[in-house]
Amino acid sequence: MTVSYLHDTLAEFITAANLLLKGAPDAKVITMDEPGEHLVHLQSLSATNLDIEIRWFKDWASWNLITEKEFEMVLKCQDTILNFSTEIFNNAKQILDKYGMEGYKEKWIEHDFPIDEYNRLKSLLKK
């Protein structure tokens, strides 16, 4: 998947992990391409298990340029909430370690590194 600087995808992934760890029934993450976007739909199946669907839209459904019914399912799988959240944290940590706060801002232009959400996730995972 391509992830454009037009959307704050990393913040959404970290927020989704935080919500799921706190018991939310579902969360959604958008990864914009130019044009098009993926929608990652995360649904809790239980207190520990997660259903993951990744849908592809030819245009930006999040900006109402296409309806939410016009998608292609590109992936459907299951994972544990803990594993999903740990992977999100590990990837965010790699990005932070590699680029730092300033380097991330240079690459993402419109968005700062989501340090508050990152620290919440770190605390929830007890890292």
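**Note on the predicted model: hairpin, salt bridges and overall fold**

1. Strand 1 and strand 2 make a hairpin in which 4 residues lie between them, and G36 in the turn has a positive phi of about 95°. The two strands run antiparallel and are joined by 7 bridges, where strands are taken to pair if DSSP finds at least two bridges between them. Helices (H or I, at least four residues) and strands (E, at least two) are DSSP runs, numbered from the N terminus.

2. On the basis of the model, this is a prediction, in which local features need pLDDT of at least 70 and side-chain atom pairs count only at pLDDT 80 or more, while totals for chains, interfaces and linings use all residues. Residues are numbered from 1 along each chain as its sequence is written, and side-chain values use heavy atoms, with hydrogens and water left out.

3. Strand 1 (residues 26–32) is mostly covered, since 5 of its 7 residues are buried; buried means under 20% relative accessible area, exposed over 50%, and partly exposed in between (1.4 Å probe, protein chains only). T31 belongs to strand 1 and is buried, with a relative accessible area of 0%. Leaving aside residues up to four places away in sequence, T31 touches M1, T2, V3, T9, F13, E37 and H38, a contact being heavy atoms within 4.5 Å.

4. A search of the whole structure finds 6 salt bridges, each defined as a side-chain nitrogen of Lys or Arg within 4 Å of a carboxyl oxygen of Asp or Glu. One of them pairs K76 with D51, the closest N and O atoms being 3.5 Å apart. Because K76 lies in strand 4 (residues 72–80) and D51 in strand 3 (residues 49–57), the pair ties together parts that are 25 residues apart in sequence.

5. R55, in strand 3, forms a salt bridge with E53, with 2.6 Å between the closest N and O atoms, and both residues are buried, R55 having 18% relative accessibility. Apart from residues up to four places away in sequence, the residues that R55 touches are E37, H38, L39, H41, F71, E72, M73 and V74. The C-alpha atoms of R55 and L75, which are 20 residues apart along the chain, are separated by 7.2 Å.

6. A further salt bridge brings together the side chains of R120 and E117 (2.4 Å, N to O). These residues are 3 apart in helix 3 (residues 115–125), which means that about one helical turn separates them, and R120 counts as partly exposed at 39% relative accessibility. Elsewhere, salt bridges that share partners join D51, E53, R55 and K76 into one network.

7. For the chain as a whole, the secondary structure comes to 3 helices and 4 strands, and the elements run α-β-β-β-β-α-α from the N terminus on. The radius of gyration is 15 Å, close to the 14 Å that the globule rule gives for 127 residues, so the chain is as compact as a globular protein of that length; the radius is taken over C-alpha atoms, and the rule is 2.2 Å times the number of residues to the power 0.38. Of the 127 residues, 41% count as buried.
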